[in-house]
Amino acid sequence: MANRQSIEYAKIKGVHDVPLEEFYTSGHRTCQGCESAATMRGFIKVAGPRTLVTGSTGCMYVANTSYMTTPWIVPWMHTQLGASGSSAIGMAAGLRALMRKGKIPDEEINTIAHCGDLGGGDMGLSAISGALQTDYDLLIIMNDNESAANTDIQATGLTTFGANTTFTPPGKRIHITQRRWKKNLAGMLAVGHPTCKYVATACATYPTLDYLRKVRRALAVGGPKFLHVYAPCPKGWDYHPRYSHDIGRMGVLSGLFPLFEILEGHVTYTHDARRQREPVEKFLMAQGRFAHLTKDDVRYIQKMVDEMWEEWDVPGVVPTKGSLKT
Amino acid sequence: MANERAPKAEAVWERRDLLTGCQAVAEAVRLADVDVIAAYPIRPYTEVMDAISKLIADGQLDAEYVIADSEHSQFEIVKHASSVNARTFAGSSGTGWCYGLEALVVTATDRLPVLYLVGNRALDDPGAFGVEHNDAMMVRDVGFLLCWVTTPQEALEHVLIGYRVAEDKGVQMPMAIAMDGAFLTHSQHMVDIPSLGTVRRYLRRYDLSKRRMHPDNPISIAPQVNEDWVMELRRQNWEAARSARTVIKEAYREFNGVFGDRYTNPFFTEFMTEDAETILIGLGTVAAPGRTAVTRLRAIGEKVGYVSMRWFRPFPTEELRACLGRFRSIGVIDRDFAHGSPDDGGILMEEVRSTLYPLDNRPVVVDFIAGLGGRDISISDCMAMFRLTQQAASQAGMDGFVKWIGLRE
Ligand SMILES: Cc1ncc(C[n+]2csc(CCOP(=O)(O)OP(=O)(O)O)c2C)c(N)n1
Ligand code: SF4
Ligand SMILES: [Mg+2]
């Protein structure tokens, strides 16, 4: 590996440092205001052309990557709904073997797998866990639009409590059928994989540049990495596409979606919601999917969020309680 | 062709060893210089992965060995490694093979030449370790190459032939080598192991060429096509499976050229069939008691023979039709089930009968469901099957007759 060609990235200090080149371009058919599409565009912009990408089934496949109109300038391959983790391992293992055995030139090539919250956070969890135990250089990016959006907005393990989805409609007898609390995914993956050096959460467009910097940071760290990206979805969350950025920002500022980075075990809050939290009500009431919630429901959600920031041992990350107080 | 500048022709066979079916496959994986292996445990195929991990630990094979979290991941890992141009190996048995089925199907539709060992095992429920062929049969319609081997020697050689066929530019299909659980995966035979140099003369480098995933070749693989294109793509897969028959013949011709004449017929092996009137046909190790029964019946003057099927996909339609058309009656041994199928027979019977359909003088075909869940098929079972098949030749209405052999009444 002596003469290994590596990828050099300049630091993104301001918007002017963001590369102008696009590697995810026109051709996709995602909705206006789709933050999942912004997630795609962003990661490949900063990862650059020496990158292989796999994408698991979902909006970012079906609405995104159509035959003869692919938006991907870099090599891209579909992978199965639960296979983002295993596809990343496969690519990385293949490249490593071929380079070590001199069958292809030895150079740094990024391997990135993207998935949705159902494909990655529910079905593909085991494969992602497997990937995070390896020592391959790979990055898994999960765009969390809080539903199985591609199949017409069904609740997943990552959907916010109370949301109206096609599997969890409010009814005359039961007014909230989405009663599962959002899975603590990034925290679970970070805590569960002691040798994984980088797990972070982000929101595609808020705070400005944060997501892009996290992708770069992840790519600079050796081994497997996981990035959980909050991706507001105008269709599934039921708001006007022009508000995608605002909805993401409100989700973060309310503390409902914790924004942090865990680099070699050190937690840094991107937005420290222990100090400052906007009421969740503002965020909830801006979206049609929560229109049926009562004051009590909103209070319950607020209570859970407060608990996450005030009582969890590692706020927003580890839900055990009390061990630090004794 | 030997390299003219080579100082001395290398011996074709390097050594002889007592190996199980699984160990023989591991040796072949070493000889094929496989790049990525994905492992997950399930009896009986697992032994191949045990053996490969040791070869790697001992420095005899340079490969990435990934311990997967499930068969689904196992097969996705090799699929994607194959797409970046690595030669790959995986395998499974029974319910494990089924667990990864989604990934197997896309490997076929993506036309990636991964090679698998299927150590045939009964499907759950209820749990059973013994052989049954339904596991491997799960992939028969989706664009897989699929063959059954009967000895460790044949297993070793078919890994090499398998990569040769699967990776051929006109084929590029995944390949499953099936072997009977326990009866072959874990039974030891003497195996001749060829030298690495000889294998290199036979097996070219794997090259996906314009379809490989690499930054220098920026393509999109398997974008969403819907009704616009899926039919054309299915047609290409169909074409590949169809023309694989020609490539298989080529691959055996070349194999015979490099390794010495080892195979006369790539697709199936005939035993004492020249003047036979009645034959049994089956897949896998049942060939051994089948052939012994033939020898015993021949000794008392009966005109019987045995056909051991090797290739199941692509199905050797022409060759098998020409072969089987000359017999009066055929007994098919199905170590599988196809509940509710035509005549309620097994999978092999349906395929054999439809192969024979265009003939004017069709032999009578009867079916024996036998050896399920690893139950032994004895020589006397085979004798009894021969008797019934002989009887079917002269008894009207027996075509399509199905009998379960060795069933507790
Ligand atoms: C094994 C399997 N089960 C079900 C489906 C159907 N399916 C396609 S996309 C999808 C939803 C994916 O949701 P998510 O991963 O969150 O991605 P999104 O569409 O929301 O971006 C489902 C259920 C499938 N393609 N494969
Ligand atoms: S449904 Fe949501 S995730 Fe899917 S394309 Fe539209 S905005 Fe994007
Ligand atoms: Mg989703």
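Is Ala182(B) buried, partly exposed or exposed, and what is its relative accessible area? In this predicted model, Ala182(B) has a relative accessible area of 43% and therefore counts as partly exposed, since that class lies between the cut-offs of 20% and 50%.

**Ala182(B) and its surroundings**

- Ala182(B) is placed in the loop that joins strand S7 (175-180) to strand S8 (189-194) of chain B.
- Leaving aside residues up to four places away in sequence, Ala182(B) is in contact with Pro44(B) and Ser187(B).
- Arg245(B) stands 63 residues from Ala182(B) along the chain, and the C-alpha atoms of these two residues are separated by 30 Å.

**The contact between chain B and chain A**

- Chain B contributes 40 residues to the contact and chain A contributes 44 residues, while the area buried between the two chains is about 3400 Å², with 60% of that area given by carbon and sulfur atoms.
- Of the area that chain B buries against chain A, 19% is supplied by Glu64(B), Pro215(B) and Gln224(B), which is more than any other three residues supply.
- The rule finds 8 salt bridges across the interface of chain B and chain A, and a salt bridge also joins the side chains of Glu64(B) and Arg100(A), with an N to O distance of 2.5 Å.
- Polar contacts across this interface involve 23 residue pairs in which both residues have pLDDT 80 or more.
- On the side of chain B that touches chain A, at least two residues each come from strand S3 (64-67), helix H3 (71-83), helix H5 (101-109) and strand S9 (220-221) of chain B, and the largest share, 8 residues, is that of H3(B).
- Sorted by class, this side of chain B holds 19 nonpolar, 9 polar and 12 charged residues.

**Asp272(A), a loop residue of chain A**

- Asp272(A) lies in the loop between strand S8 (266-271) and helix H10 (280-285) of chain A.
- Asp272(A) has a relative accessible area of 16% and is therefore classed as buried, the cut-off for that class being under 20%.
- The side chains of Asp272(A) and Arg274(A) make a polar contact at 2.8 Å.

Conventions:
Residues are numbered from 1 along each chain as its sequence is written. Chains are lettered from A and ligands numbered from 1 in the order in which they are written. This is a predicted model: local features need pLDDT of at least 70, side-chain atom pairs count only at pLDDT 80 or more; totals for chains, interfaces and linings use all residues. Side-chain values use heavy atoms; hydrogens and water are left out. Helices (H or I, at least four residues) and strands (E, at least two) are DSSP runs, numbered from the N terminus. Buried means under 20% relative accessible area, exposed over 50%, partly exposed in between (1.4 Å probe, protein chains only). Contact means heavy atoms within 4.5 Å. Buried area is the accessible area (1.4 Å probe) that two parts lose on being put together, summed over both. A salt bridge is a side-chain nitrogen of Lys or Arg within 4 Å of a carboxyl oxygen of Asp or Glu. A polar contact is a pair of N or O atoms within 3.5 Å; within protein, one must be able to donate a hydrogen and the other to accept it, and residues adjacent in sequence count only if both atoms are side-chain atoms. Ala, Val, Leu, Ile, Met, Phe, Trp, Tyr, Cys and Pro count as nonpolar, Asp, Glu, Lys and Arg as charged, and the others, Gly among them, as polar.
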